[in-house]
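Subject: Structure handover

Hi,

Here is the structure I promised to pass on.

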Amino acid sequence: MSDLPLYTSDIRQEVRIRIGPGQASIPPMRVFDAFDRVVQTYGNEEALFQKRPRKGVPLTETPWTSWTWKQYRDQVNAFGKALLSIGFERFDTVNIIGFNSPEWFICNFGAMAAGGVASGIYTTNGPEACKYITDHSRARVVVVDSVSQLEKYDAISAGLPHLKVIVLYGSDSINRNTIGSVRIYHFDQFIQLGMEISDDRLKHRTGSWKPGETCELVYTSGTTGPPKSVMITHDNITWTARTMLKTARKGYLNKDDKLVSYLPLSHIAAQALDMFQPLFSGCKVYFAQPDALKGTLVDTLREVRPTVFFGVPRVWEKIYDRMQEVAKTVTGVTKIVSQWAKEEAAAYWRAASYEGQKQCSIIREFPLGYYSAQLLLRSVHQKLGLDQCNEFYVSAAPIDTKILQYFQSVDIPILEVFGQSESTGPHLSNQYSAFKVGTVGRPMLGTDTKIDQDTSELRLRGRNIFAGYMGMPQLTEEAFDDEGYLRTGDIATVDDDVHPSIPGQSGFYTITGRIKELIITAGGENIPPVLIETEIKHAMPAVSNVMVIGDKRKFLTVLISLHVELSSEGVPSNRLAGISLDTCKDIGSLAETTEQARDDPKWRLYFDNGLKHANEKATSQAQRVGKWFLIETDFSEKGGELTPTMKLKRSVAAEKYKDAIESMYASVIASPGN
């Protein structure tokens with residue numbers, strides 16, 4: 001094993017496992033070693049749950065269909081056999097494009113069972129984006145969840161020479177058998193192809209895996225260029241899942257724990273939590289409805305009452321906005337009691353934090369009224385479906401500390417986690433035994449972390465670090481430094497403060513921006529835009545999204561969007577909504593649209609004053625924003641400015657709003673915001 005490389009761009013190349021001290025020394029495992037063990041332990045326990053809509057039956061009255069661990073594994077084997085029946089070879093790939101479902105899990109692990117590799121495609125990808133991934137991954141099989149996804153391959157299948165089969169699952173019927181030379185099967189029909197494949201043949205293929213071999217591909221979101229194909233090994237998955245479970249609030253998860261699967265499974269965070277860690281905990285996974293993020297998620301949460309809940313910042317922000325609207329309707333004694341309960345809960349979690357522990361010397365000074373406040377706040381948790389939840393997490397993008405502090409005040413302590421596709425999900429995390437709001441926590445057990453002295457870049461090393469970028473040798477080489485650390489591209493700081501009565505509690509990391517996002521002004525100063533954008537949103541609650549501009553410019557400017565109405569498809573309009581309308585009332589504006597707000601002197605004063613307030617926090621004159629421009633609508637994935645995980649595509653937004661940007665630089669005189 002010592003002769004093996006630490007990284008590669010060849011999907012067939014086994015890599016060396018980064019054995020180290022402590023947690024990094026645990027024996028390597030393959031994915032199906034874990035799968036077999038969980039089936040042996042919990043075979044007749046229910047593993048997966050889904051509501052299959054029935055015509056004329058309300059979803060609330062639709063029963064959950066469930067799969068036991070044994071049934072789940074049998075389906076994985078059946079899909080693996082079907083793949084073998086069409087000549088599927090070792091390291092061949094399967095693409096999956098569809099909303100979270102048992103079939104998604106089954107096809108993913110079924111590809112592994114057949115000795116192959118699976119890769120998800122975001123459901124929002126257009127035909128050309130699908131073509132890029134299917135072509136780059138040389139996929140032999142594409143699995144889709146609807147005819148609408150199937151139709152994306154109509155125009156592109158001729159340019160995909162490796163594609164042999166498309167498999168459709170879901171309730172849609174098929175009125176054709178082929179797209180060009182590509183054969184189409186319904187899921188059940190495809191499974192039947194493997195009936196003649198022997199158990200021994202599949203077992204031989206499944207058993208051929210080595211822990212250091214790639215078994216999963218995760219495509220990056222492509223914020224700065226074409227997506228890269230991140231190669232994840234068996235050891236990456238099994239080691240990370242086992243280590244991640246050690247950070248759980250009670251130290252473990254088990255068959256009584258419940259998750260709701262709703263975030264895109266094309267993303268490593270959803271895979272790590274929903275698919276991989278249950279192989280070691282035996283916990284139950286409930287699938288939300290495809291329109292979860294359009295409003296039905298809370299219905300699923302209320303019914304399932306999960307014990308663990310993970311959300312990207314946008315999810316928590318939407319819940320926060322809704323709770324703010326509800327809070328405004330509370331009056332009288334109820335409001336007074338509610339405010340008292342929130343103050344007690346906020347005080348409790350401040351005391352429980354690392355900073356709170358430092359201030360309290362050895363004895364933690366928890367507020368005496370907290371446990372009474374818990375009872376009062378329980379109704380809030382019940383309305384959200386989170387009354388049984390004791391672990392709350394956020395990751396994938398920066399989140400405003402204001403949001404985290406608010407949720408602490410309603411006794412929902414959300415912990416920030418940092419990771420990348422290249423680190424198989426988590427690498428830094430806050431824990432309930434040691435957390436610090438505004439940071440992404442401390443390194444996971446058994447990993448190495450450092451900050452480059454010259455660039456302030458965060459760098460990572462450990463058994464969670466990927467094998468390389470498939471088919472991209474130069475980018476793979478550039479991803480690692482001379483000591484084998486992954487170059488994350490993120491700029492970070494680390495808190496090395498030490499308190500004598502709390503050993504080992506220092507070392508909290510904070511992400512301050514991306515190296516590729518650094519703005520280098522005409523004066524040569526390097527400016528991380530994220531910190532400035534955060535301060536602007538703090539200063540102006542009505543602002544939904546912000547983008548700072550200023551590369552090679554004499555001063556900084558900013559694009560601003562307000563909270564607006566969304567269509568049923570999630571497309572933002574120009575009509576003000578939520579906090580934006582509340583702000584209209586506060587400042588005495590009659591504006592109903594973004595255009596009206598842009599022309600309204602009261603809104604202009606709001607933006608000017610907000611920028612002045614944000615500029616007071618600037619660390620240098622160069623970091624002060626001089627002008628603003630309010631765009632017609634909000635940034636969105638549909639509009640192309642945001643990735644599926646809500647990361648800002650700065651180059652796309654800059655091109656889309658180039659005229660607005662140039663208008664701010666038409667005069668060299670900065671506005672009062674400077």
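Predicted model: local features only at pLDDT ≥ 70, side-chain atom pairs only at ≥ 80, totals over all residues.

Enclosed, it turns out: a residue counts as buried under 20% relative accessible area, and 5 of the 5 residues of E16 are buried, so the strand is largely enclosed by the rest of the structure.

E16 has strand partners as well. Strand E15 (residues 414-420) runs antiparallel to E16, with 4 bridges joining them. In that pairing, phenylalanine 418 has leucine 428 of E16 as its bridge partner. The two strands form a hairpin with 4 residues between them, and threonine 424 takes a positive phi there, near 55°. Strand E17 (residues 442-443) is also antiparallel to E16, this time through 2 bridges. Leucine 428 turns up again here, standing opposite proline 443 in E17.

Now for a loop. Isoleucine 197 lies between helix H6 (187-192) and helix H7 (199-206). Is isoleucine 197 buried or exposed? With a relative accessible area of 11%, isoleucine 197 is buried, because the cut-off for that is under 20%. What does isoleucine 197 contact, beyond its neighbours within four places in sequence? The answer is Lys81, Leu84 and Ser85. Take lysine 81: it sits 116 residues away from isoleucine 197 in sequence, yet the two C-alpha atoms are 5.8 Å apart in space.

Zooming out to the whole chain, there are 23 helices and 29 strands. Its radius of gyration is 25 Å, close to the 26 Å that the globule rule gives for 674 residues, so the chain is as compact as a globular protein of that length. The C-alpha trace spans about 75 × 60 × 60 Å along its principal axes. Of the 674 residues, 56% count as buried. Looking at contacts with a separation of 6 or more, 67% come from residues 24 or more positions apart.

Cheers

Notes
Residues numbered from 1 in each chain as written. Heavy atoms only, no water. Rg over C-alpha atoms; globule rule 2.2 N^0.38 Å. Buried < 20%, exposed > 50% of the residue type's maximum accessible area, 1.4 Å probe, protein only. Contact = heavy atoms within 4.5 Å. Pairing = 2+ DSSP bridges.
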